[in-house]
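I opened this model to look up a few loops, helix pairs and cores. My entries follow in the order I made them.

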Amino acid sequence: MADVSHLESRQGHLIAVVQELSLARSLNEVTAIVRHAARALVGADGATFVLRDCGQCFYADEEAISPLWKGKRFPMKVCASGWVMQHAQHLVIEDVFVDPRIPGDAYRPTFVKSMAMVPIRKACPIGAIGTYWARHRVAGEDEVRLLQALADSTSIALENVELYNDLERRVRERTAQLEALNDELGAFAYAVSHDLRAPLRAIAGFSRALDESCGAQLDARGRDCLDRVRRGAARMDRMIDDMLDLSRVGGGADSPRRQSVDVSELARSVAAELQAGHTTHRVRVVVQDGLVAVADAGLVRLLLQNLLGNAFKFTRPSAEPRVEVGAEISPAGELVYHVRDNGVGFDASRSEELFGPFRRLHSASEFPGDGIGLATVQRIVRRHRGRIWAESAPGSGATFFWTLSPASVDPVPQDIRWDSDARPRGGVEPALVGAR
């Protein structure tokens, strides 16, 4: 009964070792685990971990009562580990000085009298695990089975390490490629912005000169047109800056510049700019008071320009176009923003297509545009570690929801609470922008 109990104890130890090996991520971790486990499983005075290396036996690691052969290499034909790997079977020797299969003289400088060795992987062995005793001893069948089970688990662990290292290498290579591509995109964006700013400076300069020399002669209509040109040039300049910011943070490892952003004020500003450009299409815009975010202000403005711009565009056929900007707290504690309109809507089953560059669900003849806006919005949201999704139905308008960070990153201010109808608690009316 004692022998059975001892065997069960060693089997339990082996199971724990196998679990430990499954978590190993380097050769050094594997060898450290195996050398100690092999010695403990059979009560040996020493253990070695041997790898096959270019036709030689490389003693990669050891744990013993005195030094053995760690770091040394021997020809396959002159050592026990080589015999084990060549024959793909275990080796048990009671007296190392009389067994013809190994050179006894190699063991005279050591404490070794008896040994047991098993191959790592039985088909085309890649290594061996050796255990040694300072006294004459014959390893039992149960002990050999334990060592072989350890060796089989070691083979799997080594394959896992190889796969893990290969994956890490690929990730490093892919990361380097993405960083190089991002640098190229950043350089391209900078070059394009430089080329755009040249005519933009001309527009701004000539409009300023026109204002200074002829401003007094302009009637109200002319003054309004000139002001719009100058505002448009200034807005274009800001958009170039925002696009440069997007190119810098859109694909790289750096996070956007986070600061407290008044989303309500940004939404009103963007809505007013859009309404100024739609003199015949008046939209009732309802902006929730008190919307805030910890985000990149330039990128949030660009996000709102795209979402509100789409809402203005797709509400054109509506008799009473309406757009709402609001937010509510989800059950997970996230602050979820939304832009909702009562426009033409779209088929919800195709919502994933919305965020692809140059993908459109409506023809350009119906609604002009190049299909890049929502791809830009998605990129901005992802760079803030948020999520974006949409809900809609044909003829029933559309709602775009987004978050700007996980709930665990930036706490939601305690004084912000909304009902789902975008109306603040307390009954205060939301601000209206561009309403008539």
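**Cys54.** I looked up Cys54 and found it exposed, with a relative accessible area of 78%. My cut-offs for that term: buried means under 20% relative accessible area, exposed over 50%, and partly exposed in between, with a 1.4 Å probe and protein chains only. Cys54 sits in the loop between β1 (46–53) and β2 (56–64). Helices (H or I, at least four residues) and strands (E, at least two) are DSSP runs, numbered from the N terminus. I noted a positive phi of about 55° at Cys54, although it is not a glycine. Most residues other than glycine have a negative phi.

**Ground rules.** This is a predicted model, so I kept local features to pLDDT of at least 70 and side-chain atom pairs to pLDDT 80 or more, while totals for chains, interfaces and linings use all residues. Residues are numbered from 1 along each chain as its sequence is written, and side-chain values use heavy atoms, with hydrogens and water left out.

**Ala88.** I then turned to Ala88, which also has a positive phi of about 55° without being a glycine. Its place is the loop between α3 (80–87) and β4 (91–93). Ala88 is partly exposed, at a relative accessible area of 30%.

**Whole chain.** I counted eight helices and 14 strands in the protein. Of its 436 residues, 44% count as buried. Contact here means heavy atoms within 4.5 Å. Of the contacts with a separation of 6 or more, 63% join residues 24 or more positions apart.

**Largest core.** Which residues touch the most other members of the largest nonpolar core? I found Leu303, Leu304, Leu307, Leu308, Tyr337, Val339 and Trp402, out of 39 residues. Helix α7 (residues 297–314) gives the most to this core, with nine residues. A nonpolar core is a set of buried Ala, Val, Leu, Ile, Met, Phe, Trp, Tyr and Cys residues joined through side-chain atoms within 4.5 Å.

**α6 on α7.** I took the pair of helix α6 (residues 263–276) and α7 next. They pack at an angle of about 45°, with their axes 9 Å apart. That makes α6 oblique to α7. Axes are lines fitted to C-alpha atoms, for helices over the stretch in contact, and angles run from 0 to 180 degrees between N-to-C directions. Angles under 35 degrees count as roughly parallel, over 145 as roughly antiparallel, 65 to 115 as roughly perpendicular and the rest as oblique. α6 passes α7 in a right-handed crossing. A crossing is left-handed if the near helix is turned anticlockwise from the far one by less than a right angle, and right-handed if clockwise. The contact includes Val263, Leu266 and Val270 of α6, with Val300, Leu304 and Phe312 among the residues of α7. By class, I noted eleven nonpolar, four polar and two charged residues. Ala, Val, Leu, Ile, Met, Phe, Trp, Tyr, Cys and Pro count as nonpolar, Asp, Glu, Lys and Arg as charged, and the others, Gly among them, as polar.

**α7 on α8.** I looked at helix α8 (residues 373–383) against α7: the angle is about 145° and the axes are 9 Å apart. Here α7 passes α8 in a left-handed crossing. Among the contact residues are Leu299, Leu303 and Leu307 of α7 and Leu374, Val377 and Ile380 of α8. This contact divides into eight nonpolar, four polar and no charged residues.

**Ser153.** Is Ser153 buried or exposed? I found it buried, with a relative accessible area of 17%. Ser153 lies in helix α4 (residues 141–214). Leaving aside neighbours within four places in sequence, Ser153 is in contact with Val18 and Leu21.

**Ala393.** I placed Ala393 in the loop between β12 (388–392) and β13 (398–402). At 30% relative accessibility, Ala393 counts as partly exposed. Ala393 touches Val344, Gly345 and Phe346, not counting residues up to four places away in sequence.

**Val285.** My last entry is Val285, in strand β8 (residues 284–287). Val285 is buried, with a relative accessible area of 1%.
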